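My entries follow in the order I worked.

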Amino acid sequence: MAHPGVIERLLPLAVARATAPSGLQVTERQLYYELCRLLAPAHRLRRGPGFTVRVPLRYSTFREALGEHPVLTVPPPERGEPGRHTPEPDLFDYGLPRLLLCRSHEIAHMLRANGLPMESACPVLSADELPVHPGVTTMLASVSGTAYVLHEASTAGFEFAARVRELAALPDEVSVVPLGLRPRQAQALHLFHLPGAPTEPLPAPDDRERRWLARGHTVELEAVRPAALLRTVHRLVRGVRTPRTPLLELRRTRDSGFLTWPAA
């Protein structure tokens with residue numbers, strides 16, 4: 001376990017790295033994982049056999065250190081529910097090609113705070129803001145739009161993705177496309193996982209991921225570097241594909257409803 005003095009000295013560097021390259025707004029847990037990367041830089045290991053790493057620092061220890069540096073505290077999340085409070089009478093007269101649904105309210109807030117809805121022309125909602133406003137679902141259905149789903153790598157994350165049409169009250173005309181995070185994506189990036197109690201095997205795209213999930217592991221979206229998360233989500237919801245795998249593997253990935261995440 002790292003000495004408290006070491007953690008305090010590393011906090012400013014963690015802030016600088018988490019908010020790079022352009023002063024990104026990040027969540028408290030994103031700052032926590034950046035500090036973990038400084039303590040245990042597993043992400044620098046060469047790509048090869050995929051694996052995740054147990055977090056090297058208790059969150060309570062991080063919070064104690066952060067509490068002594070209030071200037072580092074990030075703002076709490078706000079709720080953003082498009083369509084629930086708007087004076088524009090013709091708002092729902094237009095088509096909406098895409099919508100992003102995040103299981104994490106904090107990540108949804110982070111994406112909104114950093115301009116993803118404007119840059120990607122894609123409103124962002126969290127699980128706490130479901131169901132989707134009927135006017136928004138009408139906009140999606142009118143152009144056979146797509147609802148993208150972003151969740152952590154965990155049993156609960158997969159269950160959310162499986163139930164999101166029901167939870168969001170999406171009509172059949174709207175496609176649902178899960179983006180991950182999948183266990184194999186987390187393993188390829190050597191992300192930090194939180195330990196948990198073993199669970200019953202869950203249906204997953206392959207046996208290795210099923211075994212990983214059954215061990216009770218969780219890799220939060222906050223474990224992905226903030227800039228990489230923003231860049232990747234923008235690329236995926238806009239349909240910009242940069243395949244780096246053989247065609248056969250790419251087809252399998254598309255069929256399963258997920259796309260590859262970058263290593264950065």
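**Sheet**

I began at cysteine 102 and found leucine 150 as its bridge partner in strand 4. Strands here are DSSP E runs of at least two residues, helices are H or I runs of at least four, and both are numbered from the N terminus. The model is predicted, so I note the limits: local features need pLDDT of at least 70, side-chain atom pairs count only at pLDDT 80 or more, and totals for chains, interfaces and linings use all residues. Residues are numbered from 1 along each chain as its sequence is written, and side-chain values use heavy atoms, with hydrogens and water left out.

Cysteine 102 also has serine 126 as its bridge partner in strand 3. Strand 2 and strand 3 run parallel and are joined by 3 bridges. Strand 2 and strand 4 pair in the parallel sense over 5 bridges. Strand 4 and strand 5 also run parallel, with 5 bridges between them. There, tyrosine 148 has valine 177 as its bridge partner in strand 5. I count strands as paired when DSSP finds at least two bridges between them.

In what order do the 4 strands of the open sheet stand? I read 3-2-4-5, with parallel pairing. Strand 3 (124-126) and strand 5 (175-180) are at the edges with a single partner strand each, so one side of each has no neighbour in the sheet. Neighbouring strands are turned by 25° against each other on average, direction ignored. That angle is taken between N-to-C directions on a 0 to 180 degrees scale, using axes fitted to C-alpha atoms, for helices over the stretch in contact.

**Strand 4**

Next I checked burial in strand 4. I found 5 of its 5 residues buried, so the rest of the structure largely encloses strand 4. Buried means under 20% relative accessible area, exposed over 50%, and partly exposed in between, with a 1.4 Å probe and protein chains only. Thr146, Tyr148 and Leu150 point one way, while Ala147 and Val149 point the other. In a regular strand the side chains alternate between the two faces of the sheet.

**Cores**

I then listed the largest nonpolar core. It has 50 residues, and Leu35, Leu100, Leu111 and Leu150 touch the most other members. Among the elements that give two or more residues to this core are helix 1 (4-19), helix 2 (28-39), strand 2 (98-102) and strand 4 (146-150). A nonpolar core is a set of buried Ala, Val, Leu, Ile, Met, Phe, Trp, Tyr and Cys residues joined through side-chain atoms within 4.5 Å.

What does leucine 100 touch? Leaving out residues up to four places away in sequence, its contacts include Leu111, Cys122, Tyr148, Leu150 and Val237. Contact means heavy atoms within 4.5 Å. A second, separate core has 17 residues, including Leu99, Val149, Phe160 and Leu170.

For the whole chain of 264 residues, 48% count as buried.

**Rings**

I found 4 aromatic pairs. Tyrosine 59 and phenylalanine 62 have ring centres 5.5 Å apart and planes at 45°, so this pair is tilted. Rings of Phe, Tyr and Trp (its six-membered ring) pair with centres within 6.5 Å; planes under 30 degrees apart are stacked, over 60 edge-to-face, and the rest tilted. Both residues are in helix 3, 3 residues apart, or about one helical turn. Tyrosine 59 is partly exposed at 22%, and phenylalanine 62 is buried at 0%. Ring pairs link Tyr32, Tyr33, Tyr59 and Phe62 into a cluster.

**Helix 9**

I looked at helix 9 and found Glu209, Trp212, Leu213 and Ala214 buried. The buried residues of helix 9 pack against helix 7 (155-168), helix 8 (183-188) and strand 6 (192-193). Just after helix 9, glycine 216 has a positive phi of about 85°.

Last, I went through the loops.

- Proline 21 is in the loop between helix 1 and helix 2.
- Leucine 130 and proline 131 are also joined by a cis peptide bond, with omega about 5°.
- Serine 144 is not a glycine, yet has a positive phi of about 50°. Serine 144 lies between helix 6 and strand 4 in a loop.
- Alanine 169 has a positive phi of about 60°. Alanine 169 counts as partly exposed at 43% relative accessibility.
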